[in-house]
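Here is my note on this structure, written for someone who has not seen it before. Please keep the view open while reading the points.

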Amino acid sequence: KTRSAVSRGEAQSQVASFTNLMYTDEEWYDRIVYWEKDGNKIVTFDLADDKLQETAEPLIEMLMINQEGREVTVNEVTGEYVMDSQGNPSQITIAAEMNMVRETDVYTLNMNAQLQLYNPGQPVELPAVNMEEYSV
């Protein structure tokens, strides 16, 4: 890894634009590292657990995951974005941990996603999901 002149502000802006967080304030990151390798800009980050939980709490409540005797926390979210020389994302890696405590039992869910983007910067067509095929 070769450290380069990618500015911290540029790195945070890239992270925010790709994740739609729009939190470019340093308080959202426990760690953010940026460098260039083979003409690509790479940003690696850890989101701050307290800010992440503060943001996730309304969603958790809306989904009624937090019920009496049960508590859900989202923590240890890390990510890496690789941008090509034109600033288009070409690879995105996200890892997160979610814990659920129910009475005395603790359940942990580790989520890992790696997305490789081919033809970065080009339009992509995604078919709509037929929601009639699913039931709750």
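**Notes on the fold**

1. Start with the surface. The accessible surface of the protein chain comes to about 9600 Å², and 50% of this area belongs to carbon and sulfur atoms. Accessible areas come from the Shrake-Rupley method with a 1.4 Å probe; for residues, only the protein chains shown count as cover.

2. A word on the basis. This is a predicted model, where local features need pLDDT of at least 70, side-chain atom pairs count only at pLDDT 80 or more, and totals for chains, interfaces and linings use all residues. Residues are numbered from 1 along each chain as its sequence is written, and side-chain values use heavy atoms, with hydrogens and water left out.

3. Next, the layout. The protein chain has two helices and five strands. From the N terminus on, the order is α-β-β-α-β-β-β. Helices (H or I, at least four residues) and strands (E, at least two) are DSSP runs, numbered from the N terminus.

4. How much of the chain is buried? Of the 136 residues, 29% count as buried. Buried means under 20% relative accessible area, exposed over 50%, and partly exposed in between (1.4 Å probe, protein chains only). Among contacts between residues at least 6 apart in sequence, 46% join residues at least 24 apart. Contact means heavy atoms within 4.5 Å.

5. Look at Val-77. Leaving aside neighbours within four places in sequence, Val-77 is in contact with Phe-45, Asp-46, Leu-47, Leu-52, Ala-95 and Ala-96.

6. Asn-75 lies in strand β3. Is Asn-75 buried or exposed? Asn-75 counts as buried because its relative accessibility is 15%. Beyond neighbours within four places in sequence, its contacts are Asp-49, Leu-52, Ala-96, Glu-97, Met-98 and Asn-99.

7. Val-82 is also found in strand β3. At 11% relative accessibility, Val-82 counts as buried. Val-82 and Val-43 are 39 residues apart in sequence, yet 6.6 Å apart in space, C-alpha to C-alpha. Apart from neighbours within four places in sequence, Val-82 is in contact with Asn-40, Lys-41, Ile-42, Asn-88, Pro-89, Ser-90 and Gln-91.

8. β1 and β2 pair in the antiparallel sense over eight bridges. Two strands pair if DSSP finds at least two bridges between them. Ile-32 stands opposite Phe-45 in β2. The hairpin has two residues between the strands, and Asp-38 takes a positive phi near 55°.

9. Compare β4 and β5. 12 bridges join β4 to strand β5 (residues 105–116), and the two run antiparallel. The bridge partner of Ala-95 in β5 is Asn-112. This hairpin has two residues between the strands, and Glu-103 takes a positive phi near 55°.

10. Finish past β5. Met-131 lies in the segment after β5. Met-131 counts as exposed, at 59% relative accessibility.
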